[in-house]
Amino acid sequence: MHIEVRNVNKAFGTHQAVRDVSFTIERGKLIGLLGPSGGGKSTLLRILAGLETPDSGDIFINGQRVNDVKPQLRGIGFVFQNYALFKHMNVFDNIAFGLTIRKARKAEIKERVNELLELTGLRGFEHRYPHQLSGGQRQRVAFARALAPKPELLLLDEPFAAIDAKVRKELRTWLKSLIAELGITSIFVTHDQDEAVEVADEMLIVQQGRLEQQGSPIHIYTDPRTAFVAGFIGHSSVVEQPNSLRGFENAASLAGAKAIIRPEFVEVGRQEEIAFPSAAEKGKVRHVFFRGAHLELDVEIGANRVSAHRSLDQVPLQPGEEVSVLIHRLYVISDESATMVENPLKVDPLPVHI
Amino acid sequence: MAGVVTTQLSEKTARPKHINESLAVRIILISVSLLFLGCVVLLPLLSIFIEAFKKGADVYFAAIRDPDALSALKLTLLTALIAVPLNTVFGVAAAWAISKFRFRGKNVLITLIDLPFAVSPVIAGLVFILLFGAQGFLGPWLDNHNIQIMFALPGIVLATTFVTFPFVARELIPLMQAQGVQEEEAAASLGAKGWQIFWRVTLPNIKWGLLYGVILCNARAMGEFGAVSVVSGHIRGETNTLPLHIEILYNEYSFSASFAVASLLVMLAVVTLIVKSFIEWKTARQLPKEES
């Protein structure tokens, strides 16, 4: 195991920022630390970097306990949210900083910086100052600066937060391929689940200082373990009385009374459009929202309301229209756990064998 | 006492035309402030030079070349030369501590830094008399060991240092607080240790603010009258600084000489102000770049 965190706690005054967090990370993985703002993600990252000291718990890098190792000696590259570039130094000196501090030879520094300028596509900008660069370029400089001393581990705190949406997408792809190429273990913090799902090999979901679940994006998406993860990942509506839904009459007996339904598992349409009419039930369209590539429907089923997607190619539905609703699956949630339940009625009730 | 006035003028403060006052109002406002400035500041300054040259250039230069005047000038410069670096080091240390660390008693420290601004300089001088004077707490002990503090250079330096110590710290605290610790954390994660961080990251970031504070501190150190007057003993040619020398000459009715020496002090102040304006101009050029 490359990185190991054991039972780490950290409080600021009365605010418990990190609660008993343990996880391990394999070498070369790109990890997304995902969770709502103020959930302790950045604190966790800063503890790894040595910028904060945990109240209790241990951190191991390469099997060596580093709790008492100063940040200077941990061999960690840190990319700050606002980049924290040195304002009074040009791009070259910014990137060279870590090497200059180590008193590396001039020729060596030049070679390494040039290599990084090439890698980050900043060639030609080496004499510019941070204020003369765009957000995306600054981000690349911060990235190159952190990589220059060849760290074991790269930590990125909300690396794309300060960049506009379009450039952000490009940078994400760029960063992912670059990290894959370098093979450096990396952890990035984000509150944007699209970003985490798209970039990370593995995600750590953190909420209120607790680690909720660790796993690959697909794994977490299809098999959320806790109520929080089920609700946080994907777009979902919470249903208060799942056992009143057709096909899920017995669902509530499994656990608590609530369920989470994702729009991609809800099929809405006129009766003839639904593949398993027997598993479907009647609902009423409340609102129709245009979401760019598709329509989002807000549908009322008895006392419950769910949202569903509908393609733009299909016959448009009007608010107030009676429709058939087929719920393929949902997640029954209690305080601690989340369980996936498939709609049992989707099997043809009267199979005709010829 | 005068607080630190920071004059960071930015061109962007100009308001758009449609919400601006009418021409008449603007003319009135501008002329009132110019007139006031002329009467209260420019006219008296000008009168110093007029008075100084009243009896001719010979008297003027004789007054300046007078050994007592020269020794006063030397003492003033020497005092500033000791007090200003002391306060620079102290100011940086205090601003550093206040803006970068969390500790108990921080507010007490901030209040203490402001104390010399709040206390009359005469009282500042008296405090030192109470401490080091012949009847003071430490007076007898100092006497036994043959150490002279009152009515000598150490006393003057102490009083000047006391009065001028808030300038650098006051200038730096808001600046360093605004800058935060991120760049320093970045430097640390890149392997830089304490002093390396200070020399390579912190100091370059605060250098213009620091210079500005040093200049204000210097201006005050050279011009300080009250506190120094109490502790100096007014010994001609020995413990008289320029402001004290001017007062003595004036009290002796040698007006021309007194104004001649005063003009010297004014010129020192003018040089300081020119350097200050240059630094402001330099900072102003840096600021918009950083905002972009």
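Trainee: Let's start at the end of chain A: how many bridges join strand β18 to strand β19 there, and in which sense do the two run?

Mentor: Strands here are DSSP runs of E with at least two residues, helices are runs of H or I with at least four, and both are numbered from the N terminus. Two strands pair if DSSP finds at least two bridges between them. In chain A, β18 (residues 329-333) and β19 (residues 338-342) run antiparallel and are joined by 5 bridges. A hairpin of 4 residues links β18(A) to β19(A).

Trainee: Before I go on, what kind of model is this, and how is it numbered?

Mentor: It's a predicted model: local features need pLDDT of at least 70 and side-chain atom pairs count only at pLDDT 80 or more, while totals for chains, interfaces and linings use all residues. Residues are numbered from 1 along each chain as its sequence is written, chains are lettered from A and ligands numbered from 1 in the order in which they are written, and side-chain values use heavy atoms, with hydrogens and water left out.

Trainee: Which residue has a positive phi in the turn between β15(A) and β16(A)?

Mentor: That's A:G302, with a phi of about 55°, in a hairpin that has 2 residues between its strands. The strands themselves, β15 (residues 294-301) and β16 (residues 304-311) of chain A, are antiparallel and joined by 8 bridges. A:H294 has A:S311 as its bridge partner in β16(A).

Trainee: And what is the strand order in the open sheet of 4 strands in chain A?

Mentor: When you read a sheet, keep the side chains in mind: in a regular strand they alternate between the two faces. Here the order is β2-β1-β4-β5 (chain A), with antiparallel pairing. β2 (15-25) and β5 (64-65) of chain A are the edge strands, each pairing on one side only. Now walk through the pairs. β1 (residues 3-12) and β4 (residues 56-61) of chain A share 5 bridges, and A:I3 stands opposite A:I61 in β4(A). β1(A) also pairs with β2(A), antiparallel, over 7 bridges. There A:F12 stands opposite A:H15 in β2(A). The β1(A)-β2(A) hairpin has 2 residues between the strands, and A:G13 takes a positive phi near 65°.

Trainee: How is chain A divided into domains, and how far apart are their centres?

Mentor: Domain bounds come from an automatic or database domain assignment. Chain A is split into domain 1 (3-225) and domain 2 (235-342), and their C-alpha centres lie 39 Å apart. The contact (heavy atoms within 4.5 Å) takes 4 residues from domain 1 of chain A and 7 from domain 2 of chain A.

Trainee: How much area do these two domains of chain A bury between them?

Mentor: Buried area is the accessible area (1.4 Å probe) that two parts lose on being put together, summed over both. For domains 1 and 2 of chain A it comes to about 510 Å², 37% of it on carbon and sulfur atoms. On the domain 1 side, A:Y221, A:P224 and A:R225 supply 73% of the area buried against domain 2, more than any other three residues. The two domains have 0 salt bridges between them, a salt bridge being a side-chain nitrogen of Lys or Arg within 4 Å of a carboxyl oxygen of Asp or Glu.

Trainee: Let's turn to chain B. Which elements build it?

Mentor: Helices: chain B has 13 of them and 0 strands. Its C-alpha atoms fill a box of roughly 65 × 60 × 30 Å, taken along the principal axes.

Trainee: How many residues does each chain bring to the contact between A and B?

Mentor: 25 residues of chain A are in contact with 19 residues of chain B. The two chains bury about 2100 Å² between them, 58% of it on carbon and sulfur atoms.

Trainee: And how many salt bridges cross the interface of chain A and chain B?

Mentor: The rule finds 2. A:R46 forms a salt bridge with B:E185, the closest N and O atoms being 2.5 Å apart. On the chain A side, β6 (76-79), α2 (91-101) and α4 (135-147) each supply at least two of the residues that touch chain B. The largest share, 4 residues, comes from α2(A).
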